[in-house]
Amino acid sequence: MTPNDSSVLHRVIQVTPPMAVSGQGITLTDANGKVYLDASGGAAVSCLGHGHPDVLAAMHAQIDRLAYAHTGFFTTQVAEDLAAMLIRGAPAGIAKAFFVSGGSEAMEAALKMARQYFVEIGQPSRTRFIARRQSYHGNTLGALAIGGNQWRRAPFAPLLVDATHVSPCYPYREQQAGETPEQYGLRLADELDRTIQACGPETVIGFVAETVGGATAGVLTPVPGYFRAVKAVCDKHGVLLILDEVMCGMGRCGTLHACEQEGVVPDLLAIAKGLGGGYQPVGALLAHERLVRAMSAGSGFFQHGHTYLGHAVACAAALAVQQVIERDGLLAQVRSRGAHLAALCGQAFADHPHVGEVRGRGLFHGIELVKDRGTKAPFDPALRLHARIKAEAMARGLLVYPMGGTVDGRQGDHVVLAPPFIATEAELATIVERLAASIDAAIRSC
Ligand SMILES: Cc1ncc(COP(=O)(O)O)c(C=O)c1O
């Protein structure tokens, strides 16, 4: 199909992508019959791969029973069951789930609930969010305002609420020589402390962070102790900790929530992608009981909502996905297959002249590309190395998630790997083999 035959406004307007016609297991097939190994689940979405029979059966059954009932009038059993399961699996103190249709909506709900909390408890002077440079929290105006990716923000800057940004936790580039990871984490927490004080603690609502940074910086894993130190700073100033696990959560890093590995309980936790595994558009905001209690005892309601909140088919898909993960012990599998993937990436890229770092957790890995390993200098952004890698990978029947702007929103290239939890060791080996060939071909073409 050419651009002129398509009435869809595609992401790149002059490029009509191949037409996907079916999906099974870890593969997608296009209209020409070409089969792709899906090593990124789009953007870390398809945690159970495609066409999972148990998820499809649950969705069919729900559609036959009830597709939609507005949450202003009804609850549904499937939303209740999903919420109960999520709260059972959530960090202690998380009390309620608010269902939305995706990650940006989950973050919008987080920002509004955080603000409403302070209005409810008589601290209306708190109006500011602090987040991190190089973060991504979604594309709606509130989420974009909080996000720290300069390229995404720039055209819309006049429309965005003013947010303050501190350093990301990016040891490869920003941990100083002679500094241990722990010292680096404490330095970052100290930066947050000083920033809150400079803003005036009475003006700050919350600190927003991806527990493991995802798309825009290529899987940034926090150094040990970083989040504990950050939480202590937030507590000291009465500032909420809002964790965005839209990409890194729901098992992707080997535990249901990535923050479990950091030993912190956030006040608000946003989840999406792996919640429904792509079978339906669904996300959720998980709220600490402190916030729920304040709203309940105050105005009595959360002043927010959308038409499709808690959509019954979306909840059915998410419930089935989460039940399969639990039943099949897939969190343990993410940890073991993740270790295998890390080893494969190590073999393929440890001595690669243009791979600066391979990092990640579970089945969530980032490969940062550099022109020069010694200086860590990135490739010229005009080369669009990330786009070349994506094209070379697709030509080889491989779907990965490369992106540019790793370093500062403009410079740098990385590739994210986020294969389905069901990928076999043999499939992971093929993924890494094809990726290595794609990276080499892309660099040769520069
Ligand atoms: C960390 C994070 N937050 C929020 C979002 C936005 O989610 P959505 O695209 O579903 O609106 C994303 C999407 O990539 C993300 O990675």
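The ligand is surrounded by Gly102, Gly103, Ser104, Tyr136, His137, Gly138, Glu210, Asp244, Val246, Met247 and Lys273; a residue is counted here if one of its heavy atoms lies within 4 Å of the ligand. The model is predicted: local features need pLDDT of at least 70, side-chain atom pairs count only at pLDDT 80 or more, and totals for chains, interfaces and linings use all residues. Residues are numbered from 1 along each chain as its sequence is written, and side-chain values use heavy atoms, with hydrogens and water left out.

By class, this shell holds three nonpolar, five polar and three charged residues. Ala, Val, Leu, Ile, Met, Phe, Trp, Tyr, Cys and Pro count as nonpolar, Asp, Glu, Lys and Arg as charged, and the others, Gly among them, as polar.

A side-chain N or O atom of aspartate 244 lies 2.7 Å from a nitrogen atom of the ligand. A side-chain N or O atom of lysine 273 is 2.8 Å from a ligand oxygen atom. Glycine 103 contributes through its backbone: an N or O atom there is 2.8 Å from an oxygen atom of the ligand. On its own, the ligand has 390 Å² of accessible area, and the protein covers 82% of that (Shrake-Rupley method, 1.4 Å probe).

The second largest pocket has a volume of about 670 Å³. A pocket is an open set of points on a 1 Å grid over the protein atoms alone, where a 1.4 Å probe fits, with protein on both sides within 12 Å along at least five of seven lines; lining residues have an atom within 4 Å of a point. The volume is the space filled by probe spheres set on the points, which are joined across faces, edges and corners. Of the 26 lining residues, Lys96, Ala97, Phe98, Phe99 and Phe302 are the closest to the pocket centre. The elements giving two or more residues to the lining are α3 (77-89), β4 (94-100), β10 (283-288) and α11 (289-297). These are DSSP runs, helices (H or I) of at least four residues and strands (E) of at least two, numbered from the N terminus. The lining divides into 16 nonpolar, eight polar and two charged residues.

Phenylalanine 98 is found in strand β4. Its relative accessible area is 16%, so phenylalanine 98 is buried (under 20%, 1.4 Å probe, protein chains only). Its C-alpha atom lies 8.2 Å from that of alanine 83, 15 residues away in sequence.

Valine 55 belongs to helix α2 (residues 53-65). Valine 55 is buried, because its relative accessible area is 0%. Valine 55 and glycine 278 are 223 residues apart along the chain, with 11 Å between their C-alpha atoms.

Key. A polar contact is a pair of N or O atoms within 3.5 Å; within protein, one must be able to donate a hydrogen and the other to accept it, and residues adjacent in sequence count only if both atoms are side-chain atoms. Buried means under 20% relative accessible area, exposed over 50%, partly exposed in between (1.4 Å probe, protein chains only).
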